[in-house]
Amino acid sequence: MSNWSRFNIVSVVLGFAFLYLPIVLLVVFSFNESKLVTVWAGFSTKWYVALFNNQGLMDAAWVTIRVALLSATIATILGTMAALALTRYTRFRGRLLFSGMVYAPLVMPEVITGLSLLLLFVAIGFDRGFVTVTLAHITFSMCFVTVVVQSRLLSFDRSIEEAALDLGATPVRTFLEVTLPVILPAVLSGWMLALTLSLDDLVISSFTSGPGATTLPMKIYSQVRLGVTPEINAACTLLIGLVAIGVVIASIMTKRREVQRQRDEQAAFAGR
Amino acid sequence: MKSLGNIRRSFAPWTDPDAKPFITFRNVTKRFGDFTAVDDLTLNIYHREFFALLGASGCGKSTLLRMLAGFERPTSGEIILDGQDIAGIPPYKRPVNMMFQSYALFPHMTVESNIGFGLRQDGMPKNEIAERVSQMLKLVKLEQFAKRKPHQLSGGQRQRVALARSLAKRPKVLLLDEPLGALDKKLREETQFELMDLQQELGLTFVVVTHDQEEAMTMADRIAVMSHGKVIQVATPAEIYEAPNSRFVADFIGDVNILDGKVSANGNGKIELAVNEGFTIRTATANGPTPGSAAGFAIRPEKMKVTRAAPADASVNAAPGEIWDIGYLGDMTVFYVKLDSGKVVKASMLNALREVEDPISYDEKVWVSFGETAGVVLKD
C-alpha cells in the first residue's frame, strides 16, 4: 500500500466518515456542557454523573449485564455442542435440517425471531420477564457460537482424541482434558461474541421482555422518543465502549489462535 | 547350512507348531459402505515379534492396525489378543498402545505431561508417574526437553515423545503407524535401529504399518505383504525377497525381472522353462508346476551377470543381448540389457573397485547369465 492516490485517500476518508461520523458526534456531545444536544457549550462530564444517578437507566444496565452473562454462557455451551455434533457426526438422520435450523437465526429477520418467540411464550402462558429475555438471547446468539467453534473444529486433528482414548482416557475425560483445552480459545471468542450481541440487542428484547426486565437498549430507545438528552449520549458512549472492547477481545483471541497455529505449523515443517 | 539371506537373530516361533500366537486375526472383514478394506483376513502374530504390515496405500494395513487399537470394529471375524477376543472392547480398555503417524501429541501439554497422560488416566500415584516419566525421557534421550511444548520440538524429537508416550503404560503390544514416515532419510535410518534395540530390550510385541519396504525389511522379524485387503504373503524379509510366492510380491518388493514361459521339464528337484525370450532356464525348485503349464520366472538384478564373453555353458540360463542403458548409482551400476527378443532386463553389479579397466559401455554385445539357484519359479 505504498501508492496512495488522491482518489484512494478521498474514498477512505469518505467511507470512514460515513461509518463513524454519527458515532463520533454522539461521543463528542456526551461531553457537552449544554442540555441542547446540537449546540456545543464546552466540555463537561456532568451527564455521566447524571447517568449514574438515574436509577431507571442503572437498573436497565444491570438487567442487561445479567442477561448478557447468563445467555452468553448457556449459548456457548449449546452452541459448542451443536458445533461438535455437526462436525463429528456427519451422517446422522436429519443433519441437513439440523444445520439449517442452527444457522437460520443468522439470517432470520430479528422481528420474526422476536415475534415468534413472543407467540410461543404467550401460547404456553410463560410470564414475560428476565427469563424470557434470556431464553430469547440464547436462541439467537447460539448460532454465532456454533459458527465460530465449528470453524475451529474443522481444522482440529482428531488423532489427538484417538491418542487420548488409546492411552486409557474415557470419552468424557478425552473431551475435558484434550478436546476442550485445544478448542477453548474458539469457545471463549464465541462467548465474547454472544455477550456482545446480547448487550446491544433491542428488537428481540422488546418482543420478549416484560415488566421489570427492561434492558438498557430498550430503556434508551424509549427515552429517546421523549427527546434526546446528553445523558442518553453518555449511556450510548459507555455501551459503544463495552461492545467495542468485546469485539476487539474476540478478534484478538481469534487472531492469536491463527498466529499460534501458523507458528506451530512452521515449527513442524522446520523440524522435519 | 544354507539359508535364505542373512539371519539376524534366531527367533522363529512361527515355525514351531506348538507356539501359541499372541495376536490372531481370524476371518476378519471390515467394510466401509461398499468398500471392503479388509477381506476375510487370517493372521497370527507371536509374542515379542516385530511384525510389519506392508502394502501400498489403501491396501487395508492401517485399518487392520486401527482394529487392533479399537478405533474400528470388524464387520465380521474375531481378533484375539492374549487369549481374549477384543472385538467389543473400547480402545481405552485395551492393553495396546499406538504411536500415531502424525504423532498426535497434545499441543497444550508439556512433553512431561504428554508422556504421563496415560498413567494419570490409570490413577497411578503422582510420585510413581514422575518416576516412570523420567525413565521414559531417559529412554528416548529427551531429559532436557521435559518442560517444552510439542511445537517447540523438532520432528525427530516429537517422534521420540510420541514413542515414549506410547511406551509409558508398558502395553502388551505397541502399534506403530508409519512411525518414521515424517523423518528425513538419515534420521529414519538411525531411528530404525533404535526401535529394534528398544523392542529387544523391552521384550514387547511391535506391529508396525509401513509402505516403505526398506523400513519393513530392516526392522521386522516377519512381514505381511498386503494388497486389496488380503495378505498375499507372510514371511521373513529374506523369504519375501528371495522366495516371493507370487508375481505381486516379487514385483512389489525390490527390483525384479520376470520372464514368462512354459515348463518343458520337471524332475530331480530341477525344472526347465522355455521362456518367450527364446532360451531355456533351468532352476532348482522343490515342487514346480507340471510340464506344459505356463509359469513365470523371477530373478533379481543383482543375481544376473553381464559379460562380454559367452558363459561356458550357454545352452541354459544365458541369453545374448545388447547394452541398452547404464545407470551409475555409485555403489552399483545397473545395466539395462536388451535381449534379442526385444525384452529389456535389468542386471546390477556392485562397484567393488574404484577403477575399472575397459568397462562395458553402451551398445556393446553382451551375455546375461545366472546360476541355477538365482531365481524363483512363479506358479501363477
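Q: Two residues are in contact if their C-beta atoms, placed from the backbone, lie within 7 Å; with which residues is F130(A) in contact, leaving aside its neighbours within four places in sequence?
A: By that cut-off F130(A) is in contact with V63(A), V67(A) and A213(A), once neighbours within four places in sequence are set aside. I204(A), 74 residues away along the chain, has its C-alpha atom 13 Å from that of F130(A). This is a predicted model, in which local features need pLDDT of at least 70 and side-chain atom pairs count only at pLDDT 80 or more, while totals for chains, interfaces and linings use all residues. Residues are numbered from 1 along each chain as its sequence is written, and chains are lettered from A and ligands numbered from 1 in the order in which they are written.

Q: What makes F130(A) buried, exposed or partly exposed?
A: A residue is buried if 20 or more other C-beta atoms, placed from the backbone, lie within 10 Å of its own, exposed if 12 or fewer do, and partly exposed in between. F130(A) has 17 C-beta neighbours inside 10 Å and therefore counts as partly exposed. This residue is found in helix α6 of chain A.

Q: Why is α6(A) said to be largely enclosed by the rest of the structure?
A: Because 18 of its 25 residues are buried, α6(A) is largely enclosed by the rest of the structure. In chain A as a whole, 35% of the 272 residues count as buried.

Q: How do you know what span to expect of α6(A), and where does the helix bend?
A: The expected span of a helix is 1.5 Å times one less than its number of residues. Helix α6(A), residues 130-154, has 25 residues and reaches 36 Å from its first C-alpha to its last, close to the 36 Å expected. A bend at a residue is the angle between axes fitted to the seven residues ending there and the seven starting there, and for α6(A) this angle is about 35 degrees at S141(A).

Q: How do you know which kinds of secondary structure chain A contains?
A: Helices (H or I, at least four residues) and strands (E, at least two) are DSSP runs, numbered from the N terminus. On this basis chain A comes to eleven helices and zero strands. Among contacts in this chain between residues at least 6 apart in sequence, 79% join residues at least 24 apart.

Q: Which spans of chain A does UniProt call "transmembrane region", and what is their secondary structure where it has been computed?
A: The annotation comes from an unreviewed UniProt entry and covers residues 7-31, 60-84, 96-124, 130-154, 175-199 and 232-253 of chain A; such positions are given in the numbering used here, feature names are shortened, and annotations may be inferred rather than shown by experiment. Residues 60-84 are 100% helix and 0% strand, with end C-alpha atoms 35 Å apart, and residues 175-199 are likewise 100% helix and 0% strand, with end C-alpha atoms 30 Å apart.

Q: What makes D363(B) buried or exposed?
A: Since D363(B) has 8 C-beta neighbours inside 10 Å, this residue counts as exposed. Phi of D363(B) is near 65 degrees, a positive value in a residue other than glycine, and D363(B) is found in the loop between β18 (344-350) and β19 (365-369) of chain B.

Q: How many residues does each chain give to the contact, and which elements of chain B take part?
A: The contact takes 24 residues from chain B and 20 residues from chain A. On the side of chain B, the elements giving two or more residues are β6 (96-99), α2 (111-121) and α4 (155-167), and the largest share, three residues, comes from α2(B).

Q: How do you know how confident the predictor is in chain A?
A: pLDDT is the predictor's confidence in each residue, from 0 to 100. Chain A has a mean pLDDT of 85, and 95% of its residues reach 70 or more. Where pLDDT is low, the predicted coordinates should not be read in detail.
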